[in-house]
Amino acid sequence: MTRCWPLSLLLFTVSVFAATEPEAPEHWPIEARRDIQWLQISGQSPVPALLRYSEEVRTVGNAVLIPEAGKQVVSPYQMMYLRRSLAALGWNTLLIEPPSWPDTQDSKFWLNYRLELVTRLKAALELTAGLKGRTLIVAEGLSASTTMKLFADGELPQPEALVLLSPYVPEVAQNQEIIGWFGQSQYPLLDFYTPFDNRWAQSTVEQRAVAARKQVRLDFRQVNLAVQPPNDSGQRWLTRQIHGWIDHLGW
């Protein structure tokens, strides 16, 4: 026997499921509210991300953008610019909000940060898996080193290409681990540094390049972004460097 549920109960059920996905804050820019996506992570609140589709007829691929730890997804920094500028060049861009800045006084601060970031990255990659083209990952600061660590430990499948913006870990021994990953990586790697990087990032610049080039590889490039961010001309140059490198790889 078929049971008929009251319409009011059905409408209530639908409203409950709809309410599980929050709305973008009203103070966000209009374009951010338009592009909002919520990454669904088991046992956690939805994580905000901004999905902007390619503005070109031909889609180059997908770019997952991961800002420095603690930045909001709408922070007016390099990643917010890249999400627009790469979309204008034919990329689908997905800008995800990173975990909060960790308590560096805790000896397990980096482990805790990795555990939070890996769940967000997995959710982001699941979303881009449904889009057309290959996937590029661009990560900044502590998020950059953490992303590379996740690949080195096999927590995530090897990336099709990885761009790092001033990677570092604010602890001496762990910061030095980054050099080894540059020597071990088997995927295309673009490494940016600036004269304005913190001392942790600056301390490994030369060694990162030496470790990568020992493999006599053609898919590694290290670039000095010699303009203090945020700066429009520097951001345009950064976009051209990333897009040109991908073009060199033959995407």
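Which backbone oxygen does the side chain of arginine 120 reach?

## Arginine 120

It's the backbone oxygen of proline 98, reached by the side chain of arginine 120 at 3.1 Å. Arginine 120 sits in helix H4, residues 109–128, and is buried, with a relative accessible area of 11% (buried means under 20%, with a 1.4 Å probe and protein chains only). Setting aside neighbours within four places in sequence, arginine 120 is in contact with Leu39, Ile41, Val47, Ile96, Glu97, Pro98 and Pro99 (contact means heavy atoms within 4.5 Å).

## About the model

This is a predicted model, where local features need pLDDT of at least 70 and side-chain atom pairs count only at pLDDT 80 or more, while totals for chains, interfaces and linings use all residues. Residues are numbered from 1 along each chain as its sequence is written, and side-chain values use heavy atoms, leaving out hydrogens and water.

## Where H3 meets H9

Now for a pair of helices. H3 (residues 78–88) and H9 (residues 232–249) pack at about 55°, their axes 10 Å apart.

On the H3 side, the contact is made by Gln78, Tyr81, Leu82, Ser85 and Leu86; H9 brings Asp232, Gln235, Arg236, Leu238, Thr239 and Ile242.

## Helix H6

In H6 (residues 172–184), the buried residues are Gln174, Asn175, Ile178, Ile179, Trp181 and Phe182.

Note on methods:
Axes are lines fitted to C-alpha atoms, for helices over the stretch in contact, and angles run from 0 to 180 degrees between N-to-C directions. Helices (H or I, at least four residues) and strands (E, at least two) are DSSP runs, numbered from the N terminus. Buried means under 20% relative accessible area, exposed over 50%, partly exposed in between (1.4 Å probe, protein chains only). A polar contact is a pair of N or O atoms within 3.5 Å; within protein, one must be able to donate a hydrogen and the other to accept it, and residues adjacent in sequence count only if both atoms are side-chain atoms.
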